[in-house]
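Visitor: I'd like to learn how to read a model like this one. Could you walk me through it?

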Amino acid sequence: EKEQREYELKLAEAAELSKKLSDMKELTITVKASAEGKLFGSVTNKDVADELNKKGFSVKKQDVSLSEPIRVVGNYLAVIKLFGGICTKLNIRVKVD
């Protein structure tokens, strides 16, 4: 019974986090890039998780799914996988510093 309550609590927390992430609409990540918009390096799931953590969201890099590392400025979609199979899509905007 205690385990069931803990599970339900974690599920409720994940659902709340999912709603807050959905409400955010977009996460902007500022990077250094060439004049053509190619990044010096790339934006990875770790960078997205770090940026979300700075904004007060408790997200691990393993929770963030990008189709591939981001190497050019622009708009992208990330999937944030939370507890209990709850997923949220998040728009990522990568812009030049």
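Predicted model: local features only at pLDDT ≥ 70, side-chain atom pairs only at ≥ 80, totals over all residues.

Visitor: How many helices and strands does that make in the chain?

Guide: The chain has 2 helices and 6 strands. For overall dimensions, look at the box around the C-alpha atoms along the principal axes: here, roughly 60 × 20 × 20 Å.

Visitor: What share of the contacts join residues at least 24 apart?

Guide: Take the contacts between residues at least 6 apart in sequence: 53% of them join residues at least 24 apart.

Visitor: And the surface and charges?

Guide: The accessible surface is about 6,500 Å², with 49% of that belonging to carbon and sulfur atoms. As for charge, there are 18 positive and 15 negative side chains, and the centres of the two sets lie 4 Å apart.

Visitor: What percentage of the residues count as buried?

Guide: Of the chain's 97 residues, 30% do. Let's zoom in on T88, which sits in strand 6, residues 87–96.

Visitor: Why does T88 count as buried?

Guide: Buried means under 20% relative accessible area. T88 is at 2% relative accessibility, so it counts as buried.

Visitor: Which residues does T88 touch, leaving out those up to four places away in sequence?

Guide: T88 touches S18, L21, S22, A78, V79, I80 and L82. With S18 there's also a polar contact, side chain to side chain, at 2.4 Å.

Technical notes
Residues numbered from 1 in each chain as written. Heavy atoms only, no water. Helix = DSSP H or I, 4+ residues; strand = E, 2+ residues; numbered from the N terminus. Buried < 20%, exposed > 50% of the residue type's maximum accessible area, 1.4 Å probe, protein only. Polar contact = N/O pair within 3.5 Å; in protein donor to acceptor, adjacent residues only side chain to side chain. Contact = heavy atoms within 4.5 Å. Areas by Shrake-Rupley, 256 points an atom, 1.4 Å probe, with all protein chains shown as cover. Lys, Arg positive; Asp, Glu negative; His and termini not counted. Charge placed at Lys NZ, Arg CZ, Asp CG, Glu CD.
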